[in-house]
Amino acid sequence: MTRDMNKVLPNFDNHLSAMSHQNLSNPPRTSADWEADLASADRVISARDLKSQKPLLFHGGREEAREYLAAVDDLRHLMEKLVLMDSSSGTLVRAQRLMEKSMVCLQREFHRILTTNVKPNLAPEDGLSDDGSTDEDGSSGSGSVSRGRNSNADWICEVDMMPLEAEHDLHSIAERMVTAGYGKECVRIYGLARKSVIEECLYKIGVERPSKGHVHKTEGAILDSKIKTWIRTMKIAVRVLFASEKRLCHGIFAGFNIVRDLCFAEVAKEPTMKLLGFGESLGMGRKSSDRLFGVLDMYDSLSKLMPDIDTVYCQECCVGVRTQASGDLVRLVEAARGIFIEFENAVHRENSKTRIPGGTIHPLTRYVMNYLSFMSDYKESLVKITANAPMDIPKALPDGLMGLFEDQDWDGEEQGSPASVLSVRLGWIIIILQSKLDTTSKLYKDVALSYLFLMNNLDYIVKKIKDSELLGLLGHGWLTKNQSKVRQYAANYERGAWMKVLDSLRDEGTHVSEMSQHALKDKFKGFNHGFEDVLRKHSAWLVPDVQLQGELRQSIIEKMIPAYRSFLGRFRRSLENGGHSEMYIKYTPDDLEAHLSNLFKASRHP
């Protein structure tokens, strides 16, 4: 028996004595009349004694049940009158004993009806049909959905927890028991009978309660699966199972609010607290970056569920459920903030000294941008979580990082709004990433390759932002500015990789007639050597993005081919006049274009 019950139910034990203050309008009756009334009630009630041949009250015809309940009512009225007339009479003592006997019978019937009338089927695969009307076998479904399809339990959906006739019978019994001062017994029996039903329903919808240590040790796909299961089962449990159990309590104990609320709390409070315990465990778990999205999923689901929790568990005796749920939200917020900060610090601590072969995308870039892209899908939740967590930017930043930060245009959200706080935090992480990439680019000995590396990585960052919710947070100004930087890196790469080759094609103002055959041959040999050297280096240089790859090749071709055609046009005939020109003119413009068209093609990585 719970502490709440012991506080409020003693009032029912004093029910009969309180009635002694009522005024009776009926005329006085003799002792013989009282004895006759008692004998009449005794004949009906004793017929259902445990020792009788027909102990089941509501198992037979309905008329017999109505007769029995009427006898209990008559007995109660008789006792009320006797209390006023002679509270020490022997007739009142015998009436009290008979009342106790009737309560034994009613308690037995109360328990039997509760345990033999279990209707709901809440297993996801064979219950809660989408339209709330029929199950797969064509029978009547668990209940009715008041507003269309609710297969995902997106709103409160009360179903019939038992047949309506059984509910009415239980109400008839509960009314007599509570009125006679047996409210505690109602709560005890209801709790014993319905707890097992609730446990079975929870098992069918997939509820489990791992220990806190188990949650802390669970990682990866297994933890993700458990979180998804929790979200689904929590919604079904609150919006369907316990909402329906509450309605059942309202039906059985209509008019007896205290007993009604205590019965619901007796059945629903403990299993709900166990469900909420998973959220508490996750909120208090390790601040590992791979847990962020599970924490955010739970926070989002629980936030949306809170109004329904407040509705279903509105009773004073269920304040602990509401407090636990609110506390879970706070713990999930704190966990998400902690993971967010830890992720930010992990990016800041990254200190890789390894050059990425071919200047392709750094694993850190992929990881950070994919992570931020996923984070942006939780914009609504993250805005709330980061709103009251101001960012602490270190005063001393290496490599001009503060300048990068202050130079950004945060036009994605209105300045000072909660969303702008999130925008700045995400932008700050990207700037930290760019600083790390800038440091890594200095590890390349070839300047052109360092620019190719920066171009590849910034292009990846830009496209991730453009194709996700990050664009709405960072803004088009940020996007345009960094797209321009990608083009600048590309131009710097072209200048570093191809400038010497292009320079070798310039005539530097010298007329062809003034050049000796030796000088002409050296000029062609210089071009061939420079071009082949660049091609050799580029055999391992990569541009993963197909669009950027094509644009960069086309830009090189547009610069190289016209210059080479002009070069050939000026010097080819003079070289051919000297003989053996094929040794020096190794490429036609078409050959050159074919080689250039194959640049970066080996780089089509996912």
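Asp 290 is partly exposed, with a relative accessible area of 42% (buried denotes under 20% relative accessible area, exposed over 50% and partly exposed the range in between, with a 1.4 Å probe and protein chains only). The model is predicted, so that local features require pLDDT of at least 70 and side-chain atom pairs pLDDT 80 or more, whereas totals for chains, interfaces and linings use all residues. Residues are numbered from 1 along each chain as its sequence is written, and side-chain values use heavy atoms, with hydrogens and water left out.

Asp 290 lies in the loop between helix H11 (257-283) and helix H12 (292-312); helices (H or I, at least four residues) and strands (E, at least two) are DSSP runs, numbered from the N terminus. The side chain of Asp 290 forms a polar contact of 2.3 Å with that of Ser 288 (a pair of N or O atoms within 3.5 Å; within protein, one must be able to donate a hydrogen and the other to accept it, and residues adjacent in sequence count only if both atoms are side-chain atoms). Between Asp 290 and Tyr 371 the C-alpha to C-alpha distance is 9.2 Å, at a sequence separation of 81 residues. Tyr 371 is among the buried residues of H14, which also include Leu 372 and Met 375.

The secondary structure comprises 23 helices and 0 strands, and 49% of the 606 residues are buried. Helix H4 (residues 31-46) has buried residues at Trp 34, Leu 38, Ala 41, Val 44 and Ile 45. Viewed down the axis of H4, these residues fall within an arc of 125° and therefore line one face of the helix (the arc is taken over the directions from the helix axis to the C-beta atoms). On the other side of H4, Ala 32 and Arg 43 are exposed. The cover of the buried residues of H4 includes helix H5 (62-85) and helix H6 (90-116), contact meaning heavy atoms within 4.5 Å.

The whole structure contains 22 aromatic pairs (rings of Phe, Tyr and Trp, the last by its six-membered ring, with centres within 6.5 Å; planes under 30 degrees apart are stacked, over 60 edge-to-face and the rest tilted). Phe 531 and Tyr 587 form an edge-to-face pair, 5.4 Å centre to centre with 70° between the planes. This pair links distant parts of the chain, 56 residues apart, with Phe 531 in helix H21 (residues 517-538) and Tyr 587 in the loop between helix H22 (546-577) and helix H23 (589-597). Phe 531 is buried at 0% relative accessibility, and Tyr 587 is buried at 11%.
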